[in-house]
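Take a look at it first, then read on.

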Amino acid sequence: MKQIPWTRTKYDRFLELAILTDDEKKILESRVIKNASRVQQSMECQISLATVDRIIKSIREKYDQVQKEYPEEFELRKR
């Protein structure tokens with residue numbers, strides 16, 4: 001998630017546009033707002049590290065979709 005320079009405005013707008021599950025919202029919030037590591041996210045949400053990685057991958061895919069639809073608001077991820 002560090003590939004995206006998040007701002008509060010961009011974060012709120014992404015939540016409006018992307019259809020995120022509750023787990024995806026928790027992971028995104030803990031990464032963007034709390035700057036938690038993957039291990040901390042895993043412990044906080046009581047899920048495995050592999051599941052955290054799958055959720056992060058899903059969030060990245062959704063970000064790419066939103067970025068394609070709103071390129072003026074969301075820049076490309078740094079890969």
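Start with the largest nonpolar core, which has 16 residues; Trp6, Phe14, Ile27, Leu28, Ile59 and Tyr63 have the most contacts inside it. Helices α1 (8–17), α2 (22–32) and α4 each give two or more residues to this core, and α4 brings the largest share, six residues. What you're looking at is a predicted model, where local features need pLDDT of at least 70, side-chain atom pairs count only at pLDDT 80 or more, and totals for chains, interfaces and linings use all residues. Residues are numbered from 1 along each chain as its sequence is written, and side-chain values use heavy atoms, with hydrogens and water left out.

**Terms for the core**
- A nonpolar core is a set of buried Ala, Val, Leu, Ile, Met, Phe, Trp, Tyr and Cys residues joined through side-chain atoms within 4.5 Å.
- Buried means under 20% relative accessible area, exposed over 50%, and partly exposed in between (1.4 Å probe, protein chains only).
- Helices are DSSP runs (H or I, at least four residues), numbered from the N terminus.

**Contacts (heavy atoms within 4.5 Å)**
- Skipping residues up to four places away in sequence, Tyr63 touches Ile4, Trp6, Phe14, Phe74, Glu75 and Arg77.
- Asp64 sits in helix α4 (residues 49–69) and counts as buried because its relative accessibility is 16%.
- Beyond neighbours within four places in sequence, Asp64 is in contact with Arg77 and Arg79.

**Positive phi in the loops**
- Most residues other than glycine have a negative phi.
- Asn35, in the loop between α2 and α3 (38–45), has a phi near 55°.
- Gln46, in the loop between α3 and α4, also has a phi near 55°.
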